Amino acid sequence: MQRKAYVPGATVLLAALLAGCTGSSGNGGEEGDSKAGDTTASATAAQPGKYRTLPEACAAVDHSSLDSLLPGIEQLTDEQQREKAYAGEATQTYDTDRKVGCRWKVESTDATDHLFVDFERVVSYDNSVSDAARASKVYTAKEDAADLPEPSRSDTAGSGSSAEGSTPQSTPSGSAGDTGSDEGTPSGSATASGTPADLQPRTLDGLGDEAFLDDQLSTSGSTAQQRTVTVVFRTSNVVVTIEYEEQPAQAGAVPDSEESQDRALKLAQDLVAAFNA
């Protein structure tokens, strides 16, 4: 019987074809893994901020708020001067979608009042960090720069624990029993011993995502006392700064801390509501 010839070349060719198919399958699997990885990376990428634009700063404060913060406006009899006072002066900016501000200054028979409002929209260029997280770092830097008294950092607005914690500090002023009242003695205690304990610079709850208030009394000129109340809050990826200054016309007079803080906080609450509207 004649044997069939054994052809090693055919075997080699078959092996090569099989290897080629296996390699193709492997490449396809790697491509699929790459796409899956891209999808995961895309899904976990930090989200953009809630706000893409900023309001016009000089129009963000309504006339009723300006009347409260700048009483001298209502004393202006010239209509054009009054409208100019309401309009304020926009701060210089090169990108109104990223940072805008406005200043007001009005003199009255009792004092000279200044108001400054600044909006900063923060954008993170790191795909792993959201705009809001980056804005929180900007806010934290401002809070650290304010150097708030350490005890105030744990205070909670309206909490009984914070009130109890501040009692020993307020006792030396002789007005501890009066600080719980909203009217009557706060201005007197501020004159005698600076800012009362319950009105000290502090962090704030319930105002945007995070907020703090600073209250500083300084001497301007010879004997005039100037009070500056600063409120900074963050809402998502926007950081808002409010600075309210009052300098009495009468030498030796001290601006009331509670009144100044109430005015600045009322404006801050209005701005938060406008952002959330």
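Here's a short briefing on the overall build, the cores and one of the pockets.

Keep in mind that this is a predicted model. The protein has 277 residues, and 36% of them count as buried. Its secondary structure comes to eight helices and seven strands.

**Overall build**
- Among contacts with a separation of 6 or more, 60% link residues 24 or more positions apart.

**Nonpolar cores**
- The largest nonpolar core holds 36 residues, and Leu-115, Phe-119 and Val-231 touch the most other members.
- Helix α8 (residues 257-276) gives this core its largest share, seven residues.
- Apart from that core sits another one of nine residues, including Val-122, Ala-135, Tyr-139 and Phe-212.
- Beyond its neighbours within four places in sequence, Leu-115 has contacts that include Leu-66, Leu-69, Leu-70, Cys-102, Trp-104 and Leu-267. Leu-115 also contacts Arg-103 and Glu-243.

**The second largest pocket**
- This pocket takes up about 390 Å³ of space.
- Its lining runs to 17 residues, and Ala-85, Arg-103, Trp-104, Lys-105 and Val-106 lie nearest the centre.
- β2 makes the largest contribution to the lining, with five residues.
- At least two lining residues each come from α4 (79-87), β2 (99-107), β3 (111-121) and β7 (238-248).
- Sorted by class, the lining has seven charged, six nonpolar and four polar residues.

Definitions and conventions
Residues numbered from 1 in each chain as written. Predicted model: local features only at pLDDT ≥ 70, side-chain atom pairs only at ≥ 80, totals over all residues. Heavy atoms only, no water. 1 Å grid on protein atoms, 1.4 Å probe; cavity = no way out; pocket = protein on both sides within 12 Å on 5 of 7 lines; lining within 4 Å. Points joined across faces, edges and corners; volume = space filled by probe spheres on them. Helix = DSSP H or I, 4+ residues; strand = E, 2+ residues; numbered from the N terminus. Nonpolar A, V, L, I, M, F, W, Y, C, P; charged D, E, K, R; others polar. Buried < 20%, exposed > 50% of the residue type's maximum accessible area, 1.4 Å probe, protein only. Contact = heavy atoms within 4.5 Å. Core = buried A, V, L, I, M, F, W, Y, C linked by side-chain atoms within 4.5 Å.
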